[in-house]
Amino acid sequence: MKKRKIMLISSVGGHLTQLLQLHPLTEEYDCHIVTEKTAVTEKMATRYPMSFLLHGGRHYLFRFMFKFAYNAGKSLWLYLRKRPDVIITTGTHTAVPMCYIAKCFRKKIIFIESFAKTQSPTLSGQLVYPVADLFIVQWETMLTHYPKAVYGGSIY
């Protein structure tokens, strides 16, 4: 029987750490991880099937806009190459284009709001919430911001 394809996508750091808590899924499904390219994540590629996007925050607007446009184009290329059935993300700007691309192809989107956000929503959460098929929050207080979300408790 063919395994369902799952694409796990997030930025590096805490978002990726949270995403890797879903490691048991890799045994049951055909999983592929997409994250930002750093020295640390390049080493992880020996352990997991991975693809990389440009690393960068929003501190320098012009540079961010270029990287975001590049990452959006590369996300489309990665999507067409991997053709996942489901996208699972813990967020950040890195994942937003992939969620919208997958939605255009009528695939399922699962967004897990960051564990670090207890009182206010993330920008990526606000952007993906309207298209997510399942939106999970890790704190009950976040249900006030995302009324259709599911409280899933801590991912840790």
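**Cores and positive phi angles**

Modeller: Arg 83 counts as partly exposed, at 45% relative accessibility (buried is under 20% relative accessible area, exposed over 50%, partly exposed in between, with a 1.4 Å probe and protein chains only). This is a predicted model, in which local features need pLDDT of at least 70, side-chain atom pairs count only at pLDDT 80 or more, and totals for chains, interfaces and linings use all residues. Residues are numbered from 1 along each chain as its sequence is written, and side-chain values use heavy atoms, leaving out hydrogens and water.

Colleague: What is the phi of Arg 83?

Modeller: Arg 83 is found in the loop between α4 and β4 (86-91) (helices, H or I of at least four residues, and strands, E of at least two, are DSSP runs numbered from the N terminus). Arg 83 is not a glycine, yet its phi is positive, at about 50°.

Colleague: Is Thr 92 buried or exposed?

Modeller: Thr 92 lies in the loop between β4 and α5. Although Thr 92 is not a glycine, it has a positive phi of about 85°. Its relative accessible area is 12%, so Thr 92 is buried.

Colleague: Which element gives the largest share of the largest nonpolar core?

Modeller: The largest nonpolar core has 23 residues (a nonpolar core is a set of buried Ala, Val, Leu, Ile, Met, Phe, Trp, Tyr and Cys residues joined through side-chain atoms within 4.5 Å). Elements giving two or more residues to this core include β1 (5-10), α4 (61-82) and α5 (96-104). The largest share, 5 residues, comes from α5.
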